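Thanks for coming. Please have a look at the sequence and the model before I go through some of the geometry.

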Amino acid sequence: MIEQIISTIYTYSARHHPVIMFKKPVEAKLSQRLSGADKKKLRRTAKDRFPLASDANIDEILPPKAEITVAKYSNKVHVYVIEGGLPMLFDIDGRGTEIYPTVYALWKVPELLPSFLLKGGEVSRYVIGGADLMFPGISIPPEGLPSFLAGQPWAVKVPGNPAPIAVGATTMSSSEAQRAGLRGKALRITHYYRDFLWQSAEGHYVPNAGFLVDVVMEDPNLLLISQPSDVHPDASNDEDDINVVESGPIATNIQGSTDVDASKNLDVGVQTSEEITADISGLKFSDSVTAEVQSDEKEQQTLSGEEIDALLDKCLLQALHTTVKDKDLPMPGSTLWSNHILPCRPAGIILDIKKSSYKKLSKWLQSKSSAGLISAKEDRYKKEVMLLGVNRGHSDYMSFKPGKRVQESAEQRHDNSGEGSQMKLQLQVVEVYKPSTHVNSIFTTLGADTGSFYSASDSSDIVFRYVEKENLVKPTDKAMVVLDATLCDALYKGSVKKGSAYPTEIHKKDLGSTFLSRMQVHHRVSKGNEVAVRKGAARPIQIMTERRQGNKKVTRVSGLETFLLDADSLATELQKKFACSTSVAELPGKKGQHEVLVQGGVIDDLAKHLVDHYGVPKRYIEVLDKTKK
């Protein structure tokens, strides 16, 4: 009954409101350059649509001297692209009345639109998964909800990250929202980071290291500040719940599990400093790559500056013991923060380095370097502090006892792309053979199943058993087998040219291979309890590096599905391993097959990682470096 109600609500929403424009790939049916008059008209429309933008802001997203191309899609959407650049604007109905900036435009000019601030980065995984934004997931400032009208374009941000993650239209005015008790849908999302519009851009990128594959967290560099138009977090607004985010016929909660009860909320509470201080000594850390919020069990906690300093030290030591390996050094400070420090924080605890006594990540790492725990130095070219080494003989390191790993659910173990979980799953690739119509008579004579799969040795054994049963070994030459009518047809029927005589005997050394060639070859791939058998020989994984936009390199990986490798999980893992941006795209004309795009030329390291980490045999990996002449 509950599922029917949710499905009905979703169906009503889909019929009465525009759906997200770029959730699925849509082919452009026409592309043309704008004339000078059309470019001026577009600039005027953008200026009217975005009243917060200055003339300089408009110039930044629509350079006056740049050529602009409009791509017209079959769903009536128009996308405006700077030639040689990125998509900047899109019009959802093609009439110029509902123009929105893309995330690329918002990353250039964050103040282009006012923005709602989420209650936490964890909520972002549903927004960038295609869900609309609900009022209970928004942080309300102390002065109250800002004023807005229904149908206005607003952006979405996460705490501690100045780059917007999505854009959409308000579903009601601020006064209507107040009368509704700040419940229901706040923003109907039209475009978000990682949707098809973002992926289809040549040279798509992420603005900072807080943008991960499935979630957006705070910017590790902590160099930028929030824009004044943001809706700021309010610690006193604790009675508001982070509601289930509407994302389809079945709602999903913050923990990521399916929940048919659409009214279930995630309560957010604040403990006292005394309670938190008492808890810090017994905190349980997670050494997995991702940190999940536990629904209805853990509460978000606000710490004082001293408590944050203490927790920072504990998280650093936990990371140094569990996930930071010497082979991964040197490591950018932003990678250390987002991939190692943050995952070690206890669930529900907000760890904001700006609220510590250090204020900046660089100062904190340099202080630990001065204390001798680590070796850190600022990279003048990258303008970032690099972790160069770990002093594992330091007294703080030696005296620290890392916490036990948090027990994961079966679903989390399946989705986790961390080192520990994957190494336990041994990948095996074996060629197997299925009887064809040519050899069925041989299997039937021996009572063997013609619908089963056989290894090469088992298949060869079948034919030799037949030879023994029918006594076909040549008496005068034990190395030869005399072919009776059944065996001759099995080996040669249909393959001998017209007018040619059929063989009457075959050497034993050729019998097995000839028999195998008449069977249907398949390949069986197994990993743990997961097994897949597919027709044909296993096609290798292809890794190719090529140049894009001058000297920039990108590495493409395809053929992962053959070896039971999930493209999204691999992209997440490679993003963390190589500290670079990654994306996943479906291969044209090959439904269900995807390729992973990795920024940079990591062809050799990636191939080694697939062999060492996943156990992919080297013979099933093809590499091609197109950047070498």
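This is a predicted model: local features need pLDDT of at least 70, side-chain atom pairs count only at pLDDT 80 or more; totals for chains, interfaces and linings use all residues.

Residues are numbered from 1 along each chain as its sequence is written, and side-chain values use heavy atoms, with hydrogens and water left out.

Two conventions for the elements. Helices are DSSP runs of H or I with at least four residues, strands are runs of E with at least two, and both are numbered from the N terminus. Two strands count as paired if DSSP finds at least two bridges between them.

The sheet, then. Five strands form an open sheet in the order β23-β24-β22-β21-β25, and the pairing is mixed. Its edge strands are β23, residues 582–586, and β25, residues 621–625, each of which pairs on one side only. From one strand to the next the twist averages 20°. Inside the sheet, β22 (residues 552–558) and β24 (residues 594–599) run antiparallel and are joined by 5 bridges. In that pair, V554 stands opposite Q599 of β24.

Which helices lie across these strands? Helix α19, residues 567–578, lies across β23 and β24, and runs at about 10° to β24. Helix α20, residues 603–614, lies across β21 (541–548), β22, β24 and β25, and runs at about 175° to β25. For these angles, axes are lines fitted to C-alpha atoms, for helices over the stretch in contact, and the values run from 0 to 180 degrees between N-to-C directions. Contact means heavy atoms within 4.5 Å.

One residue belongs with this part. L564 is found in the loop between β22 and α19. Its phi is near 60°, a positive value in a residue other than glycine. At 12% relative accessibility, L564 counts as buried. The cut-offs are these: buried is under 20% relative accessible area, exposed is over 50%, and partly exposed is in between, with a 1.4 Å probe and protein chains only.

N471 also has a positive phi, about 55°, although it is not a glycine. N471 sits in the loop between α16 (456–470) and β17 (480–482). With a relative accessible area of 64%, N471 is exposed.

Next, strand β10, residues 185–192. This strand is mostly covered, with 8 of its 8 residues buried. Strand β9 (residues 161–170) runs antiparallel to β10, and 5 bridges join the two. There, A169 stands opposite R188 in β10. Strand β7 (residues 133–134) is also antiparallel to β10, with 2 bridges between them. L133 has L187 as its bridge partner in β10. A131 is buried, at a relative accessible area of 0%.

Now the helix pair. Two packed helices are described by the angle between their axes and the distance between the axes. Helix α10 (residues 333–341) and helix α11 (residues 361–370) pack at about 90°, with axes 10 Å apart. The two are therefore roughly perpendicular, a label that covers 65 to 115 degrees, where under 35 is roughly parallel, over 145 roughly antiparallel and the rest oblique. From α10, residues G333, S334, L336, W337 and I341 meet L361, W364 and L365 of α11. By class, that contact has 6 nonpolar, 2 polar and no charged residues. Here Ala, Val, Leu, Ile, Met, Phe, Trp, Tyr, Cys and Pro count as nonpolar, Asp, Glu, Lys and Arg as charged, and the others, Gly among them, as polar.

How many disulfides does the structure hold? The number is 0, where a disulfide is a pair of cysteine sulfur atoms within 2.5 Å. The sulfur of C315 has its closest cysteine sulfur in C344, at 6.1 Å, which is too far for a bond. C315 is buried at 0% relative accessibility, and C344 is buried at 1%.

Last, H78, which lies in strand β3, residues 78–82. H78 is buried, with a relative accessible area of 15%. Leaving aside neighbours within four places in sequence, H78 is in contact with V70, A71, K72, L89, F90, D91 and G94.
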